[in-house]
Structures are given as structure tokens and as C-alpha cells.
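Morning, everyone. I have one structure to walk you through today. Please keep the model open while I talk.

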Amino acid sequence: LPVPATVTLAGYREDMRDWRTVTPEQWRAELGRAKGAEITRVCTAVALGTLQATLQGYTAGTHTHECYHLGNPQSVPATPPAPTLPRPRTGATTRIHCAEMLHPLDALGMLEDTARGTQLGLLLCVPEGDARALQPSFAGGPRQSQLWTRTTMAQAAQGLAHSLHRPLGDLLDKDGGVAVTTGVSLLRDTPEEGFAWRPQPLGLDV
């Protein structure tokens, strides 16, 4: 490294540095010595590498994934239908898994082997009247910004208003709706593991 003083997600297509090649050991070292705003820059650089992978793919050990393996996140608006009586499920078993002190992305990773053939989803709750919570933010440090550093969700967030055909705040607060983003890929492991690339991407909806 080191991470430059100016690093933003907006220019990830033009950024000349290949942030994909930074090793887990380097990321851990940078986070270990970073303070204040430096931590924000390091997390932004990690997210830049994740976005670059959506354009150029990535390699994890002996596994190489081209960009077309990683999906293309798309967001659509969804508003609640008219109230109807719930219908009981038939022929299906409901299982509840509880995970203590575990990031939601890692909880989904635990379900990966047992959820073959099903779609995994992550429910992201935001404060009423604050749609900014659905925009990439790294001020909270590496643990709070994992949705943006470890997944391709930042790619979808850049064009969220255009995809939804309305301001996000109107959809959430006025219409009582939600933004559903499909085709998101979990590409990296935890900050403690130096954001190492996952041998196999994990698909999910947000």
C-alpha cells in the first residue's frame, strides 16, 4: 500500500490501481495502523477492489471467477399488496437458525451448504426518513461497512434511484415499500481474515 489520501467509489471504473491484488496480510496491516479518517479510506479501497472484481473478475487460490460469474445486481421497487388472510404453507419445513455475535453475511455463509437450491436473502432495516442508510458508508469502520466492502451491493447502490424510477425516500416513507436488490454476490471474507476473496461467490438478495 499505502492508501492514497483521496479514494472514492465513484471512479472505480477509471481507478488505475488494481485494488483486487492487495493481500489479506496487507489489508490487516493497514487496518492495524490506520486511525480516524484513514480507516475510512482503507475500507473504501477494499470496496473499490470488490467493485473492480465486477468488471475484471478475481482469483482466490486456484479458483478464478470471471466478471460474468458475479451477477449484475438489479434493484426494483416493491410495495405492499392489499391485506389478505395468510395461507398456511404445505409440503415445506420451516427451520429457524439462531447465530450469536455473528455478522448477517457470515450467518448466510453458514447456511450456504444447507440451502442449496434456495435463495438466500438479507433484510436491511433503515431508520424512517433516512434513506442515506442505503448508500455506501465507511465511517463506521470495517465491521459496520461489510455490506459495501464484501459484497457487490455498492454496484447496485450507485444506480439505485434510476432503477427504482423514484427517490428512495419516497418509496420507503411515502409508499411503505421496500427496495429489492437481486443478483448481489458475497465475494470476500471477514475483516479479521483480511477481506480474503472467497473461493466461491455466494449469491443473495438484499
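**A buried aspartate, and the rest of the fold**

Let's start with D106. D106 is buried, because its relative accessible area is 18% and the cut-off for buried is under 20%. Keep in mind that this is a predicted model. Where is D106? D106 sits in helix α3, which covers residues 104–111. And what does D106 touch, leaving aside its neighbours within four places in sequence? The partners are R150 and T190.

Now step back to the whole protein. How many helices and strands does the protein have? There are seven helices and six strands. Along the sequence, the pattern reads α-α-β-β-β-α-α-α-α-α-β-β-β. The protein has 206 residues, and buried residues make up 38% of them. The accessible surface comes to about 12000 Å². Carbon and sulfur atoms account for 55% of that surface. Next, contacts. Take those between residues at least 6 apart in sequence. Of these, 70% join residues at least 24 apart.

Look at Q74, in strand β3, residues 74–78. Q74 and T181 are 107 residues apart along the chain. Their C-alpha atoms are separated by 5.3 Å. Not counting residues up to four places away in sequence, Q74 touches V180, T181 and T182.

Over to strand β5 now. S185 is found there. S185 has 6% relative accessibility, so it counts as buried. Its contacts, again without residues up to four places away in sequence, are L70, G71, R150, T151, T152, P201, L202 and L204.

Next, a pair of helices. Two packed helices are described by the angle between their axes and the distance between the axes. Our pair is α1, residues 24–33, and α2, residues 37–56. They pack at an angle of about 160°, with their axes 9 Å apart. So α1 is roughly antiparallel to α2, because angles over 145 degrees count that way. The crossing of α1 past α2 is left-handed. Which residues meet? From α1, they are W27, E30, L31 and R33. From α2, they are E38, I39, V42, C43, A45 and V46. This contact divides into seven nonpolar residues, no polar ones and three charged ones.

Last stop: backbone angles. Most residues other than glycine have a negative phi. I have two to show you that go the other way. The first stop is H165, with a positive phi of about 60°. H165 is in the loop between α6 (160–164) and α7 (168–174). The next stop is F195, with a positive phi near 55°. F195 lies in the loop between β5 (184–188) and β6 (197–204). Buried or exposed, what is H165? H165 counts as exposed, because its relative accessibility is 69%. And F195, buried or exposed? F195 counts as buried, because its relative accessibility is 1%.

That's the tour. Over to you for questions.

Terms used: Residues numbered from 1 in each chain as written. Predicted model: local features only at pLDDT ≥ 70, side-chain atom pairs only at ≥ 80, totals over all residues. Heavy atoms only, no water. Axes fitted to C-alpha atoms, helices over the stretch in contact; angles between N-to-C directions. Helix = DSSP H or I, 4+ residues; strand = E, 2+ residues; numbered from the N terminus. Parallel < 35°, antiparallel > 145°, perpendicular 65-115°, else oblique. Left-handed = near helix turned anticlockwise from the far one by under 90°. Contact = heavy atoms within 4.5 Å. Nonpolar A, V, L, I, M, F, W, Y, C, P; charged D, E, K, R; others polar. Buried < 20%, exposed > 50% of the residue type's maximum accessible area, 1.4 Å probe, protein only. Areas by Shrake-Rupley, 256 points an atom, 1.4 Å probe, with all protein chains shown as cover.
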